[in-house]
Amino acid sequence: MKRTNSQSLGEALRDVMSQNPVLRRKILEIRIVRAWREVLGDTVARYTQQAYVHDGVLHVGLTSAVLRSELSLCRDRLVKSLNEYAGEVVIREVQLH
């Protein structure tokens, strides 16, 4: 029997995410955490202990004080790059710990 109202898996996921804004927000937050490692590369990832998003702020724990200092100088650029990777504005600030 052939189905007449079939849709691709991607379309079905987009429909579910558009109907559930909390789920969409969580998926975008996960994308931002992944972007931290992808955008900044393996060197920064080695010094990253943890990264998570809370209330529009990306919190990143770093083991290197020198790296923390260097990254704090370009926070605005980091926010812009990470949001571009996610495809929309997810974070408004980066806190380095």
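Residues are numbered from 1 along each chain as its sequence is written, and side-chain values use heavy atoms, with hydrogens and water left out. As the model is predicted, local features need pLDDT of at least 70 and side-chain atom pairs count only at pLDDT 80 or more, while totals for chains, interfaces and linings use all residues.

Two packed helices are described by the angle between their axes and the distance between the axes. Here the axes of α2 and α4 cross at roughly 120° and come within 9 Å. Axes are lines fitted to C-alpha atoms, for helices over the stretch in contact, with angles running from 0 to 180 degrees between N-to-C directions. Helices themselves are DSSP runs (H or I, at least four residues), as are strands (E, at least two), and both are numbered from the N terminus. The crossing of α2 past α4 is right-handed, a term for the near helix being turned clockwise from the far one by less than a right angle, left-handed being anticlockwise.

From α2, the residues L28, R31, I32, R34, A35, W36, E38, V39 and L40 meet L78, S81, L82, N83, Y85 and A86 of α4. Contact means heavy atoms within 4.5 Å. By class, this contact of α2 with α4 has 10 nonpolar, 2 polar and 3 charged residues. Ala, Val, Leu, Ile, Met, Phe, Trp, Tyr, Cys and Pro count as nonpolar, Asp, Glu, Lys and Arg as charged, and the others, Gly among them, as polar.

N83 lies in α4. Because its relative accessibility is 9%, N83 counts as buried; buried is under 20% relative accessible area, exposed over 50%, and partly exposed in between (1.4 Å probe, protein chains only). Not counting residues up to four places away in sequence, N83 touches I32, E88, V89, V90 and I91.

E88 also takes part in one of the 2 salt bridges that the structure holds. A salt bridge is a side-chain nitrogen of Lys or Arg within 4 Å of a carboxyl oxygen of Asp or Glu. The side chains of R24 and E88 meet at 2.4 Å, N to O. R24 lies in helix α2 (residues 21-46) and E88 in the loop between α4 and β3, so the pair ties together parts that are 64 residues apart in sequence. R24 is partly exposed at 31% relative accessibility, and E88 is partly exposed at 30%.

Another salt bridge joins the side chains of K26 and E29, at 3.7 Å, N to O. These two are 3 residues apart in helix α2, so about one helical turn separates them. K26 is partly exposed, with a relative accessible area of 49%, whereas E29 is buried at 13%.

R92 is found in the loop between α4 (75-86) and β3 (93-96). With a relative accessible area of 59%, R92 is exposed. Leaving aside neighbours within four places in sequence, R92 is in contact with D55, G56, V57 and V79. A polar atom of the R92 side chain lies 2.5 Å from the backbone oxygen of D55.

D55 sits in the loop between β1 (48-54) and β2 (57-62). D55 is exposed, with a relative accessible area of 54%. Its phi is near 55°, a positive value in a residue other than glycine.

Note on methods
Polar contact = N/O pair within 3.5 Å; in protein donor to acceptor, adjacent residues only side chain to side chain.
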